[in-house]
Amino acid sequence: MQRALLLLTLANLLAVAPSAALPTATVLSIGDGDTIRVRQGARAITIRLACIDAPETSQRPWGQQARHYLQQRLPIGRTVSLDVKTTDRYGRTVAEVISDININLVLVEDGQAIAYRQYLGGCDAKEYLDAEFRAMRSRYGVWQVPGGITRPWEYRRMRRSGQAAQ
């Protein structure tokens, strides 16, 4: 009986701690509010943060604020875990980045990024949408503007079509 209880407890502990099995990497640089470079073994790779979209650098001042926020959260040399989701069309690894916390989720929670609805399938969508709602309700970051800033994906589309956007 005790052996079965011990095995069940051990199985539960392993199920609760999946980050121990995630690959780790070292932060090399921050590109913008949702892109970083890391070293994993001998390779330098670009990571696109999964399930979020941060303002573009040209979406002033929001893009610069998101990048600065990420630089504060992930200083150069920090070891992170990568919960890899896929590879995007640009060859970047798309992942949730875990430091002491899920960085992707914290960016949304603090209003530095928006839940990327088109790509929430690989993440806990409810968690991201709830974090966005809390940021919106508290008027953090991009939500200081009533209704929020132009969504980054809309901003990119408008720039490609030659329309002005902020």
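Let's start with how the chain folds back on itself: residues 24 or more positions apart account for 59% of the contacts with a separation of 6 or more, where a contact means heavy atoms within 4.5 Å. This is a predicted model, so local features need pLDDT of at least 70 and side-chain atom pairs count only at pLDDT 80 or more, while totals for chains, interfaces and linings use all residues. Residues are numbered from 1 along each chain as its sequence is written, and side-chain values use heavy atoms, with hydrogens and water left out.

**The overall layout**

- The chain has 5 helices and 7 strands; these are DSSP runs numbered from the N terminus, with helices being H or I over at least four residues and strands being E over at least two.
- Of the 166 residues, 37% count as buried. Here buried means under 20% relative accessible area, exposed means over 50%, and partly exposed is in between, using a 1.4 Å probe on protein chains only.

**The barrel**

- A closed barrel of 5 strands runs in the order β1-β2-β3-β6-β5, and its pairing is mixed. Two strands pair if DSSP finds at least two bridges between them.
- On average, neighbouring strands in this sheet are turned by 50 degrees against each other, with direction ignored. For angles like this, axes are lines fitted to C-alpha atoms (for helices, over the stretch in contact), and the angles run from 0 to 180 degrees between N-to-C directions.
- β1 and β2 make a hairpin with 2 residues between them. They run antiparallel and are joined by 5 bridges, and S29 has R37 in β2 as its bridge partner.
- On the β5 side, β1 pairs in the antiparallel sense over 3 bridges. T24 stands opposite S81 in β5.
- β5 and β6 also run antiparallel, with 6 bridges joining them. Look for T87, which stands opposite T93 in β6.
- Helix α2 lies across β1, β2 and β3, and runs at about 155 degrees to β1.

**The nonpolar cores**

- A nonpolar core is a set of buried Ala, Val, Leu, Ile, Met, Phe, Trp, Tyr and Cys residues joined through side-chain atoms within 4.5 Å.
- The largest core has 32 residues, and the members touching the most others are I36, I47, L49, L74, V97 and Y128.
- Several elements each supply at least two residues of this core, including β1 (24–32), β2 (35–40), β3 (43–49), α2 (62–73) and α4 (125–138). The largest share, 5 residues, comes from α3.

**The disulfide**

- The structure holds 1 disulfide, meaning a pair of cysteine sulfur atoms within 2.5 Å.
- C51 is joined to C123, with 2.0 Å from S to S. The two residues are 72 apart: C51 sits in the loop between β3 and β4 (52–53), and C123 in the loop between β7 (114–115) and α4.
- The link is right-handed, with 90 degrees about the S-S bond.
- C51 and C123 are both buried.

**The aromatic cluster**

- A search of the whole structure finds 2 aromatic pairs. Rings of Phe, Tyr and Trp (its six-membered ring) pair if their centres lie within 6.5 Å; planes under 30 degrees apart count as stacked, over 60 as edge-to-face and the rest as tilted.
- Y116 and Y119 are an edge-to-face pair, because their ring centres are 4.9 Å apart and their planes sit at 75 degrees.
- Y116 and W153 are stacked instead, with 5.2 Å centre to centre and 10 degrees between the planes. Y116 lies in the loop between β7 and α4 and W153 in helix α5 (residues 152–160), so this pair ties together parts that are 37 residues apart in sequence.
- Y116 is buried, with a relative accessible area of 11%. Y119 is partly exposed at 45%, and W153 is partly exposed at 25%.
- Ring pairs link Y116, Y119 and W153 into a cluster.
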